[in-house]
Amino acid sequence: GRSQHAPALGLTWAIAPETLEVSVTTGAAQVRHADGGSQRGLNDTEVGAKWRVRDGGERGLSLTLAPTVVAPSAADGIGDGRWRYVVPVIAQLQRGSMTYVANAGWSDSFAGGAGEVSLSVLAERRLSERLAVGVELFGAAPASDWAAGRLDANLGARFTLKPGLELQALVGRSVAAGDDGPATLGRLALECAF
């Protein structure tokens with residue numbers, strides 16, 4: 001198996017609060033391979049937008065589009081060196097302290113290719129005003145070869161340090177990983193909203 005750890009920094013600007021925001025995310029990555037070798041370096045940079053098409057409020061269904069461009073800023077061996085785009089559609093439902101999210105997306109390189117389909121489901125519980133924990137299943141596969149896909153099971157937490165500043169952590173394990181074999185994932189991110 002292999003493991004990947006990625007501290008990240010995300011900056012988010014609200015263009016229209018609760019409706020439209022843009023963000024830039026980058027960070028460092030460390031990949032440890034099963035053979036004992038490892039690689040460290042800069043990860044790819046993502047520039048994206050989130051547009052809430054439908055706001056369901058406290059108890060209704062909200063729909064969001066979140067197109068993202070991925071710039072190949074990663075070090076050799078960490079990224080694939082290609083400009084890519086991702087176009088997910090996100091459905092969210094609030095029920096008391098629980099939030100349920102479903103995400104379906106399409107991604108491809110700007111040079112073209114087979115493209116990749118991704119699906120995820122998340123259940124998150126708010127434990128306090130500042131702390132939320134969640135579990136997620138995430139799957140992705142090339143559109144032309146579903147057998148080469150992967151499925152990750154993740155456990156995450158979000159802690160609000162102060163309004164507009166959030167610390168996010170994730171640990172996960174691929175339960176089916178296609179050709180790469182099983183992987184352990186870790187991510188620590190600091191998100192600043194302006």
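**Salt bridges and beyond**

Modeller: Start with Arg158, which is partly exposed at 25% relative accessibility. Keep in mind that the model is predicted.

Biologist: Which side chain does Arg158 meet in a salt bridge at 2.7 Å, N to O?

Modeller: That of Glu124. Glu124 counts as buried, at 14% relative accessibility.

Biologist: With which other residue does Arg158 form a salt bridge, with N and O 2.9 Å apart?

Modeller: Glu166. Glu166 is buried because its relative accessible area is 14%, under the 20% cut-off.

Biologist: How many salt bridges does the structure hold?

Modeller: Five. Another one of them joins the side chains of Arg150 and Asp152, at 3.5 Å from N to O.

Biologist: And Asp152, buried or exposed?

Modeller: Buried, at 5% relative accessibility. Arg150 is partly exposed, with a relative accessible area of 34%.

Biologist: New topic. How many aromatic pairs does the structure hold?

Modeller: One. Tyr85 and Phe110 form a tilted pair, with centres 5.3 Å apart and 50 degrees between the planes.

Biologist: Which parts does the pair tie together?

Modeller: Tyr85 lies in strand β7, residues 84-95, and Phe110 in the loop between β8 (98-109) and β9. So the pair ties together parts that are 25 residues apart in sequence.

Biologist: Is Phe110 buried or exposed?

Modeller: Exposed, at 52% relative accessibility. Tyr85 is partly exposed, with a relative accessible area of 25%.

Biologist: How many bridges join β4 to β6?

Modeller: Four. Strand β4 covers residues 45-54, β6 covers residues 68-71, and they run antiparallel. For one, Glu46 has Val70 in β6 as its bridge partner.

Biologist: Let's do Gly105. Where is it?

Modeller: In strand β8. Gly105 is buried, with a relative accessible area of 9%.

Biologist: How far apart are Gly105 and Ser118?

Modeller: 13 residues in sequence, but 5.1 Å in space, C-alpha to C-alpha. Ser118 is also one of the contacts of Gly105 beyond four places in sequence. Val87, Pro88, Glu116 and Val117 are among them too.

Biologist: And Ser120, which strand is that in?

Modeller: Strand β9, residues 116-126. Ser120 is buried, with a relative accessible area of 11%.

Biologist: What is Ser120 in contact with, leaving aside neighbours within four places in sequence?

Modeller: Val101, Ala102, Asn103, Glu136, Leu137 and Phe138.

Biologist: Last one. Where in the protein is confidence lowest, and where is it highest?

Modeller: Lowest in strand β1, residues 2-16, at a mean of 77. Highest in β9, at 97. The mean pLDDT of the protein is 88, and 92% of its residues reach 70 or more.

Biologist: What should I do where pLDDT is low?

Modeller: The predicted coordinates should not be read in detail there.

Terms used: Residues numbered from 1 in each chain as written. Predicted model: local features only at pLDDT ≥ 70, side-chain atom pairs only at ≥ 80, totals over all residues. Heavy atoms only, no water. Helix = DSSP H or I, 4+ residues; strand = E, 2+ residues; numbered from the N terminus. Buried < 20%, exposed > 50% of the residue type's maximum accessible area, 1.4 Å probe, protein only. Contact = heavy atoms within 4.5 Å. Phe/Tyr/Trp six-rings, centres within 6.5 Å; stacked < 30°, edge-to-face > 60°. Pairing = 2+ DSSP bridges. pLDDT = per-residue confidence, 0-100. Salt bridge = Lys/Arg side-chain N within 4 Å of Asp/Glu carboxyl O.
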